[in-house]
Amino acid sequence: MILVTGVTGNVGGAVAQELASRGIPFRALVHDPAKAALMAPYGADVVVGDLRERGSFDAALVGVDRAFLLTPPTEAQGECERNFAEAAERAGVAHAVKQSMVGADPDAPCRLMRSHGESERHLARSGFATTFVRANAFMENTYAFIPTIAAQGAVYSSIPDERVTHVAVDDIARVAVEALTGSGHEGRTYTVTGPEALSFVDIAAELARATGRPVTHVTISDDDARRGLALAGVNAWWGDGLVELFDVYRAGGAATVEPDVEAVTGRAPTAYRDW
């Protein structure tokens with residue numbers, strides 16, 4: 001049995017859809033009972049539990065031999081993943097595939113990268129095999145621009161010219177599902193990117209092309225970006241981490257195109273224009 005955590009989010013939902021499309025049964029761990037119904041279209045076995053609370057999700061691991069681990073970007077991320085590791089070892093899970101991020105390292109300059117790097121190191125020392133799927137910025141982050149595009153024809157960011165190999169969530173999910181269901185992925189780390197490096201100026205131009213209306217990029221300060229993230233409901237730890245990540249982008253730390261999507265799935269990654 002495969003367990004999927006974080007199943008009501010962008011990547012977790014795409015993993016659920018990919019498993020269901022292949023006719024592969026799985027169990028979904030949800031922390032909010034009200035969201036259990038979201039799994040009905042996929043035929044998942046749903047268990048309610050919270051990775052922040054030891055013992056609350058043990059039932060979800062009964063009979064599970066493989067698991068997809070995805071936790072929310074908060075200060076509790078490391079605690080959640082340590083709790084999962086302890087419970088998974090007790091349950092006899094053989095293989096866990098962790099959603100991580102490009103640049104994950106315990107000594108990274110960005111807290112988001114450090115958190116993932118610390119979790120990767122802890123999981124690698126656990127009593128089960130691991131695969132780390134390190135993803136770059138999601139193309140789906142574009143949805144955050146919809147209100148300002150609709151109202152002002154503008155995309156706002158503090159990193160206008162820094163290039164990033166944005167990746168489609170469906171490509172991340174396909175790599176994760178291959179790792180969950182195939183052989184030879186144990187102990188591997190995959191860096192999942194799109195096929196081209198784009199700046200936010202480039203993205204504004206692509207959105208103008210796609211919508212048939214003017215879309216410009218407006219450069220703001222990091223402080224303005226932080227305030228905008230807070231107004232959008234992003235928690236302070238995550239918001240500050242994203243601003244730290246901008247400096248990584250400025251140093252070119254997310255601009256490299258990697259071959260892992262095609263190498264693992266046999267399909268080229270989705271281009272932003274096609275997305």
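**Close-up views of a predicted model**

View 1. The model is predicted. A108 has a relative accessible area of 8%, so A108 is buried, the cut-off being under 20%. Beyond residues up to four places away in sequence, A108 touches G103, M113 and R114. V248 is 140 residues from A108 along the chain, yet the C-alpha atoms of the two are separated by 9.5 Å.

**View 2. Helix 3 meets helix 8.** Helix 8 covers residues 236-250, and its axis comes within 7 Å of the axis of helix 3. The two cross at roughly 100 degrees. Angles of 65 to 115 degrees count as roughly perpendicular, so helix 3 is roughly perpendicular to helix 8. Helix 3 contributes R111, L112, M113 and S115 to the contact. Helix 8 contributes W237, W238, D240, G241, L242, E244, L245 and V248. By type, the residues of this contact are seven nonpolar, two polar and three charged. Two of these names return from View 1: M113 touches A108, and V248 has its C-alpha atom 9.5 Å from that of A108.

View 3. Strand 4 spans residues 66-69 and is joined to strand 5 by four bridges. The two strands run parallel. R66 stands opposite H95 of strand 5.

**View 4. R27 lies within an enclosed strand 2.** R27 belongs to strand 2, residues 26-30. Is R27 buried or exposed? Its relative accessibility is 11%, so R27 counts as buried. Its contacts, leaving aside neighbours within four places in sequence, are M1, I2, L3, V4, D45, V47, A59, A60, L61, V62 and V64. Five of the five residues of strand 2 are buried, so the strand is largely enclosed by the rest of the structure. Both faces are covered. F26, A28 and V30 lie on one side, with R27 and L29 on the other.

**View 5. Strand 1 pairs with strand 2.** Strand 1 is formed by residues 2-4. Three bridges join strand 1 to strand 2, and the pair runs parallel. V4 has A28 as its bridge partner in strand 2. V4 is also among the contacts of R27.

**View 6. Helix 1 crosses helix 5.** Helix 1 (residues 10-21) and helix 5 (residues 169-181) pack with their axes 8 Å apart. The angle is about 55 degrees, which means that helix 1 is oblique to helix 5. The crossing is right-handed. From helix 1, the residues in contact are N10, V11, A14, V15, E18 and L19. From helix 5, they are V169, D170, I172, A173, R174, A176, V177, L180 and T181. The residues of this contact divide into 10 nonpolar, two polar and three charged.

How values were computed
Residues are numbered from 1 along each chain as its sequence is written. This is a predicted model: local features need pLDDT of at least 70, side-chain atom pairs count only at pLDDT 80 or more; totals for chains, interfaces and linings use all residues. Side-chain values use heavy atoms; hydrogens and water are left out. Buried means under 20% relative accessible area, exposed over 50%, partly exposed in between (1.4 Å probe, protein chains only). Contact means heavy atoms within 4.5 Å. Axes are lines fitted to C-alpha atoms, for helices over the stretch in contact, and angles run from 0 to 180 degrees between N-to-C directions. Angles under 35 degrees count as roughly parallel, over 145 as roughly antiparallel, 65 to 115 as roughly perpendicular and the rest as oblique. A crossing is left-handed if the near helix is turned anticlockwise from the far one by less than a right angle, and right-handed if clockwise. Ala, Val, Leu, Ile, Met, Phe, Trp, Tyr, Cys and Pro count as nonpolar, Asp, Glu, Lys and Arg as charged, and the others, Gly among them, as polar. Two strands pair if DSSP finds at least two bridges between them.
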